[in-house]
Amino acid sequence: MERLQKVIAHAGLASRRKAEELILEGKVTVNGKVVRELGVKVSGNDRVEVAGVPVEKEEPVYFILYKPRGVISSAIDDKGRKTVTDFFPQIKERIYPVGRLDYDTSGILIMTNDGDFANLLMHPSNQVEKTYVAKVKGIPLREKLKSLEKGIMLEDGKTAPAKVKFMSLDKKKETSIIELTIHEGKNLQVRRMFEAIGHPVLKLKRETYAFLDLKGLKTGDARELSPHEVKQLRSLAKFGK
Ligand code: URA
């Protein structure tokens with residue numbers, strides 16, 4: 001048995017919040033009767049309809065996208081900008097990103113229509129490691145990078161210990177390339193961490209998400225995850241290995 005709003009959301013008809021609204025508005029019927037309460041649970045044998053349209057469960061699908069810069073990480077954008085779902089014109093399922101990469105950040109992003117999987121990966125206690133490559137202004141001193149490694153105070157708390165690798169520098173342009181591996185997902189975390197040590201990010205790319213990388217993908221490309229990769233991600237999020 002599952003909650004009615006969850007069944008509607010899983011069918012890709014609406015987000016869970018929107019599904020709740022539809023129920024409260026009296027647009028949802030179960031076995032022909034209008035249901036206006038949010039607590040109701042239904043089974044696979046119940047006939048659910050939204051505004052007269054039968055609800056059928058979507059098969060779960062899982063992808064990685066090499067998100068380009070200048071793209072919004074949400075299913076729709078009210079300002080009409082390009083979104084990550086625009087890269088999946090052939091996919092009929094209602095997929096959305098697991099977490100976010102900000103507008104100017106490129107790199108690896110998981111997309112799915114499986115809400116439980118997305119919630120599992122996004123839960124603060126289950127966060128997997130992600131590696132970012134940042135081009136930053138200036139040439140950070142060793143101690144500053146050490147402070148990123150240990151954890152640095154941001155306005156919403158101290159960051160957890162991170163891995164930091166100095167990759168290269170451009171003396172003429174006074175910029176450096178630094179690899180940063182974190183497992184948290186605070187809003188704009190990487191940009192804010194570098195900002196906090198006085199070396200703002202000029203360019204940012206997420207290279208890995210757990211064991212997944214961008215090998216074989218060009219910017220804007222996507223590929224389906226294998227059932228084994230999905231299983232591995234679930235297990236990593238749940239048990240940390
Ligand atoms: N940290 C950022 O600053 N931006 C992202 O997109 C992801 C992590």
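**Entry 1, the model.** I noted at the start that this is a predicted model.

I looked up how the chain is divided. Domain 1 covers 2-54 and domain 3 covers 130-209. Domain 2 comes in two pieces, 62-124 + 212-239. I then checked the centres of domain 1 and domain 3. Over C-alpha atoms, they are 45 Å apart.

I listed the residues around the ligand. They are Leu101, Asp102, Thr105, Tyr132, Leu188, Gln189, Val190, Arg191 and Leu204. By class, I find 5 nonpolar, 2 polar and 2 charged residues in this shell. Which helix gives the most to the shell? I found that helix α5, residues 189-196, does, with 3 residues.

I went through the polar atoms next. Thr105 places a polar side-chain atom 3.4 Å from a ligand oxygen. At Leu188, a polar backbone atom is 3.3 Å from an oxygen atom of the ligand. Gln189 also uses a polar backbone atom, 3.5 Å from a nitrogen atom of the ligand. I then looked up the cover. On its own the ligand has 240 Å² of accessible area, and the protein covers 94% of that.

Definitions and conventions. Residues numbered from 1 in each chain as written. Predicted model: local features only at pLDDT ≥ 70, side-chain atom pairs only at ≥ 80, totals over all residues. Heavy atoms only, no water. Near = heavy atom within 4 Å. Polar contact = N/O pair within 3.5 Å; in protein donor to acceptor, adjacent residues only side chain to side chain. Areas by Shrake-Rupley, 256 points an atom, 1.4 Å probe, with all protein chains shown as cover. Helix = DSSP H or I, 4+ residues; strand = E, 2+ residues; numbered from the N terminus. Nonpolar A, V, L, I, M, F, W, Y, C, P; charged D, E, K, R; others polar. Domains from an automatic or database assignment.
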